[in-house]
Amino acid sequence: ADTVNEILHSKMESIRSSVKKISESEVDKSREILNEESDIFYALERNYVTYESTKYLSLLITDGEYSCYTGSTIKSQKTYTFSLSNGKQISNQTLLGFHELDIDEVKEKVKEKLNQDQVEFGEENTILIDDTVNSITTDDAALYINRAGKLCISFIVKTSQESYNDTIELN
């Protein structure tokens with residue numbers, strides 16, 4: 001847990017230093033500014049969500065960027081899961097093994113969900129299913145145990161317009 005804390009602290013330092021103010025930046029006058037009152041031109045963002053079940057504590061971290069022109073955009077997600085009995089971090093591979101799953105089965109479940117959610121505009125598919133599914137790997141998948149003790153994956157859905165976040169229970 002100490003190593004995770006050091007990693008998170010280091011990243012927060014870079015996030016804090018990323019903030020650029022509108023009042024101190026060269027603004028493109030031809031573009032609309034979404035929230036001029038905040039005076040934020042650009043900033044990295046980080047959101048933390050914790051899930052505690054009877055056996056595990058999971059931390060889901062979502063990183064993104066804010067631009068005064070486009071708003072917030074999700075860029076990546078990371079999770080850390082710890083055993084409440086011994087405090088040790090549990091790897092994604094171990095989480096999958098506990099639930100008798102492998103990454104290919106996870107990808108298939110994500111693909112099924114995205115196929116159900118697919119919205120078509122004319123000939124163009126909105127959800128980029130293959131791009132989304134192919135971005136999921138054992139090491140980088142945002143797997144966590146929710147409050148009900150279920151294994152979940154949070155993932156960024158890539159689209160032909162703006163990406164968004166989705167979550168599914170895997171068991």
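**View 1. C152 and C68, two cysteines tucked inside.** C152 counts as buried at 2% relative accessibility, where buried means under 20% relative accessible area, exposed over 50% and partly exposed in between, with a 1.4 Å probe and protein chains only. C68 is buried too, with a relative accessible area of 0%. Searching the whole structure turns up zero disulfides, a disulfide being a pair of cysteine sulfur atoms within 2.5 Å. This is a predicted model: local features need pLDDT of at least 70, side-chain atom pairs count only at pLDDT 80 or more, and totals for chains, interfaces and linings use all residues. Residues are numbered from 1 along each chain as its sequence is written, and side-chain values use heavy atoms, leaving out hydrogens and water.

**View 2. Strand β8 and its two sets of side chains.** Strands (E, at least two residues) and helices (H or I, at least four) are DSSP runs, numbered from the N terminus. In a regular strand, side chains alternate between the two faces of the sheet. On β8 (residues 142–145), A142 and Y144 point one way, L143 and I145 the other, and all are buried.

View 3. Four bridges join β8 to β9 (residues 151–157), and the two run antiparallel; strands pair if DSSP finds at least two bridges between them. L143 sits opposite I153, while I145 faces L151. Five residues lie between the strands of this hairpin, and G149 in the turn has a positive phi of about 85°.

**View 4. The open sheet β8-β9-β10.** Three strands line up in that order, with antiparallel pairing. β8 and β10 (164–169) are at the edges with a single partner strand each, so one side of each has no neighbour in the sheet.
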